[in-house]
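Please examine the sequence and the structure shown below. The paragraphs that follow lead through selected features.

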Amino acid sequence: MLTNLHVKNFALIDEIDIDFGSRLNILTGETGAGKSILIGSISIALGARVSPDIIGRNGEYAMVQIVFQIDNEETLEQIRELDVEPEDGQIVISRKITGNRSINKINGESVPVSIIRKVAARCIDIHGQHEHQSLLNCDRHKEIVDEYGGEKTLSMKTEIASLYKKYISLKKEIDAESVSEEERARQIGFLQYEQEEITKAALKPEEMDSLEEEFTRASHAGTIVEKLGEVYSLSTETALSAVSHGLRRLSEIQSLDARLSDFTEQFMQIEGLLGDFNREVSSYMEDFTFDENELIQMQNRLDLIHSLQSKYGESYDDIMAHLRTVEEKLEQYADFENYRQRQQEKLTELESALTKQCEKLSAYRKKTADKLQKEITQALEDLNFAHVDFEIQITSKDGFAADGKDNVEFMIATNPGEQRRSLGKVASGGELSRIMLAIKSVFADSDQIETLIFDEIDTGISGRTAQKVSEKMGLLGMKHQVICITHLAQIAAMADCHYVIEKKVNEKSSATTIRSLDAEEMEEELARILGGVEITDAVKQNAHEMKKMAEELKQSRK
């Protein structure tokens, strides 16, 4: 769960530090107090794109840090697979935003922002207006059904994706080879040229490197002989003469001190090494030959090798691999009709296997959808959709796809006598938010993501519907950590932890702050939401009763 949020110099926030509770956390505040800024800071901490414009007035950078405590072992293992090691189950994500870049860290180690997004996706789920709007996309409907289907659906989709990849690859290959006789003849001629060029070159595995070295040596023969002759002269006439002279001087004083014998022995070894060196240099120079014709032949051979490398690959293995591909294609063209027939037979086999697997997936999707449809319908009724008629419609589409052959669409009628229509043609913004909440409540038991954030969940609702939404939020908070920004007293009353967001304004500046409320302050905030401009005793009593009823409801459901 999200245990702490620390924000510094972010837009209107000078600095805030919040510790969240493990159940239902409610955030309220006046319009314009900065609730969207707070959610924005969390989104940026989770890897959202960031602009330097968010840097506040109190420094040259903004800082956002969030701390997660992860208890689910499967989630911890998924995070480790991203090469991120939780420390005692804790993940600390921080982003420091400067004028031209951001510094991103997890547990103190710098990471790309892409890793932050992947880690965050396993820890937290944010539902705002954009997420509600995703329900208008039928692809999202299919994702929801498949998520409900669990591992069995994932296994079938993985197998279909593998078959589909082979099917598409083979189909493209067949289409690419559907050329005229004239074009095929041109291709055969080109392939035969390549085959002859590589075969005629008769390359040897070690030749390409060794010939380069041999050519370098031969082309610099004059320089080698000249410089080595100078070295030989210096070694024999100067160095060896000096060592011999030194040995004679040592022999004259060796009897005067026993320790001088060590010097004599070392000097004799030097004389021996010099002698060996001179003999090897002399032998190298005697064997060193230079033939202008051989150099020309090497140059021509290297030019041929370089030409082959530019066309077919840098290494010997690359060139030979290209030759094998050419020979395989020539073999195919030699018996082209039979080859095409074999390709078509393979394609037919893949189509048959794909059809079989898609039918299995479709049957299981329909079975899954029937069960999910009933659960979502019940959840919608709990959220005051009194006359809801909800259906998950699955139809077959033309052709294959990596996830099967099904179109999945959520259909709904919200009034008696209405015909079910596509969700996007019927549902309002407020209804979309409730439908998303219904879906999340259905997935509450199986969803491994511990923290859910709801922003604008109360869009377009009031009265009894708001009460039903608050009850559903309370139930969801018993199984997940929920952080919810709301404008409605019914939802705020259900809070286990309540925070108020305020904007402090003076003559020179304004700043957004947040503070945790105690029990008495919670009722005062409910009264503010209920009462508007004037908070009367009746409003306060109403707030007290609302909070009391919410607590009793939560106790009854434990």
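Which residues is T451 in contact with, leaving aside its neighbours within four places in sequence? They are M1, L2, C123, I124, D125, Q481 and I483, where contact means heavy atoms within 4.5 Å. This is a predicted model, in which local features need pLDDT of at least 70 and side-chain atom pairs count only at pLDDT 80 or more, while totals for chains, interfaces and linings use all residues. Residues are numbered from 1 along each chain as its sequence is written, and side-chain values use heavy atoms, with hydrogens and water left out.

T451 belongs to strand β12, residues 451-455; strands (E, at least two residues) and helices (H or I, at least four) are DSSP runs numbered from the N terminus. With a relative accessibility of 0%, T451 is buried (buried means under 20% relative accessible area, exposed over 50%, partly exposed in between, with a 1.4 Å probe and protein chains only). Its side chain also makes a polar contact of 2.6 Å with the side chain of Q481. A polar contact is a pair of N or O atoms within 3.5 Å; within protein, one must be able to donate a hydrogen and the other to accept it, and residues adjacent in sequence count only if both atoms are side-chain atoms.

Elsewhere, six strands form an open sheet in the order β2-β1-β4-β5-β6-β7, with antiparallel pairing (two strands pair if DSSP finds at least two bridges between them). Its edge strands, β2 (13-19) and β7 (109-110), each pair on one side only. Strand β6 (residues 102-106) is joined to β7 by two bridges in the antiparallel sense, and I106 has E109 in β7 as its bridge partner.

Helix α5 (residues 138-176) is kinked by about 115 degrees, centred on G150; the bend at a residue is the angle between axes fitted to the seven residues ending there and the seven starting there.

Salt bridges complete the picture. The whole structure holds 25 of them, each a side-chain nitrogen of Lys or Arg within 4 Å of a carboxyl oxygen of Asp or Glu. One of them joins D14 and R57, with the closest N and O atoms 3.5 Å apart. D14 lies in strand β2 and R57 in the loop between α1 (35-45) and β4 (62-69), so this pair ties together parts 43 residues apart in sequence. Another joins K472 and D382 at 3.2 Å. K472 is in helix α15 (residues 463-477) and D382 in helix α12 (residues 336-382), so the pair ties together parts 90 residues apart in sequence. K472 is buried at 9%, whereas D382 is partly exposed at 32%.
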